[in-house]
Amino acid sequence: RIVLQVFISLLKAHAMEARTVVRQALEILTPAMPQRMEDGNTMLTHWTRKILVEEGHSIGQLVHILQLVVRHVDVYQPVRQHLVHHITSAMHKLGFSITANMDQKRLAVDLA
């Protein structure tokens, strides 16, 4: 239960000041989620999708979560069908926005 709460908090943490620490923690925690929890894939999918939908209006939050999906494609591969709709709409926000920088456009291409 504590692992899940930490994972949720790390998914929501997208502030620039804590980005490196959050990224390092997610690099360790994300691959272990499916094995360490009895319903790890379900929880991983549920919370990733929930935060994408509820807090995805912020470009910083959107980039944070989608970079996690790109970095851990092998972890998200079994549950990709549950996230594909949200990822495609996020790709549109990132790739075709007038204010999108090159890193955001590159992330959209990586998601494709």
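## Close-up views of a predicted model

**View 1. Arginine 71 in helix H4.** Arginine 71 sits in helix H4. The model shown here is predicted. At 32% relative accessibility, arginine 71 counts as partly exposed. Which residues does arginine 71 touch, leaving aside its neighbours within four places in sequence? The contacts are Arg23 and Glu27. Leucine 83 comes twelve residues away in sequence, and the two C-alpha atoms are 15 Å apart in space.

View 2. Opposite charges are the theme here. Side chains of opposite charge can pair when their charged atoms come close. Glutamate 27 and arginine 71 form a salt bridge through their side chains, with 2.4 Å from N to O. This pair links distant parts of the chain. Glutamate 27 belongs to helix H2 (residues 19–36), while arginine 71 belongs to helix H4 (residues 59–71). The two residues are 44 residues apart. Is glutamate 27 buried or partly exposed? Glutamate 27 is partly exposed, at a relative accessible area of 32%. Arginine 71 also has a relative accessible area of 32% and is partly exposed. The contact between these two side chains is listed as a polar contact too, at 2.4 Å.

**View 3. A salt bridge inside helix H7.** The model has a count of two salt bridges. One of them joins the side chains of arginine 106 and aspartate 103, at 3.0 Å from N to O. How many residues apart are arginine 106 and aspartate 103? They are three residues apart, about one turn of the helix, and both lie in H7 (residues 102–111). Arginine 106 is partly exposed, with a relative accessible area of 47%. Aspartate 103 has a relative accessible area of 53%, so this residue counts as exposed, the cut-off being over 50%.

**View 4. The N-terminal end of helix H7.** Asparagine 101 caps the N-terminal end of H7. One of its side-chain oxygens lies 3.2 Å from the backbone nitrogen of aspartate 103. The side chain of aspartate 103 is also part of the salt bridge with arginine 106.

**View 5. The two faces of helix H7.** Which residues of H7 are buried? They are Gln104, Leu107, Ala108 and Leu111. These residues cover an arc of only 100° around the axis, so they lie on the same side of H7. The face turned away from this buried side carries the exposed residues Met102, Asp103 and Val109. What covers the buried residues of H7 includes H4 and helix H6 (80–95).

**View 6. Alanine 108 on the buried side of helix H7.** Alanine 108 is found in helix H7. At 8% relative accessibility, alanine 108 counts as buried, because the cut-off is under 20%. Leaving aside neighbours within four places in sequence, alanine 108 is in contact with Met91, Leu94 and Gly95. Methionine 91 is 17 residues from alanine 108 along the chain. Their C-alpha atoms are separated by 4.9 Å.

**View 7. Threonine 30, buried in helix H2.** Threonine 30 has its place in helix H2. Its relative accessible area is 0%, so threonine 30 is buried. Where does the side chain of threonine 30 reach? The side chain reaches the backbone oxygen of leucine 26, at 2.8 Å. Not counting residues up to four places away in sequence, threonine 30 touches Phe7, Leu44, Leu68, His72, Val75 and Tyr76.

**View 8. Glutamine 61, buried in helix H4.** Glutamine 61 has its place in helix H4. Is glutamine 61 buried or exposed? At 1% relative accessibility, glutamine 61 counts as buried. A polar atom of its side chain lies 2.7 Å from the backbone oxygen of leucine 11. Not counting residues up to four places away in sequence, glutamine 61 touches Leu11, Lys12, His14, Ile51 and Glu55.

**View 9. Residues 1–18 and their annotation.** An unreviewed UniProt entry annotates residues 1–18 as "signal peptide". In the model, this span is 61% helix and 0% strand. Its end C-alpha atoms lie 23 Å apart.

**View 10. Confidence along the chain.** The protein chain averages a pLDDT of 85. In the chain, 100% of the residues score at least 70. Where is confidence lowest, and where is it highest? Confidence is lowest in helix H3 (residues 40–55), at a mean of 84, and highest in H4, at 88.

Definitions and conventions
Residues are numbered from 1 along each chain as its sequence is written. This is a predicted model: local features need pLDDT of at least 70, side-chain atom pairs count only at pLDDT 80 or more; totals for chains, interfaces and linings use all residues. Side-chain values use heavy atoms; hydrogens and water are left out. A salt bridge is a side-chain nitrogen of Lys or Arg within 4 Å of a carboxyl oxygen of Asp or Glu. Helices (H or I, at least four residues) and strands (E, at least two) are DSSP runs, numbered from the N terminus. Buried means under 20% relative accessible area, exposed over 50%, partly exposed in between (1.4 Å probe, protein chains only). The arc is that of the directions from the helix axis to the C-beta atoms. Contact means heavy atoms within 4.5 Å. A polar contact is a pair of N or O atoms within 3.5 Å; within protein, one must be able to donate a hydrogen and the other to accept it, and residues adjacent in sequence count only if both atoms are side-chain atoms. UniProt positions are given in the numbering used here, feature names are shortened, and annotations may be inferred rather than shown by experiment. pLDDT is the predictor's confidence in each residue, from 0 to 100.
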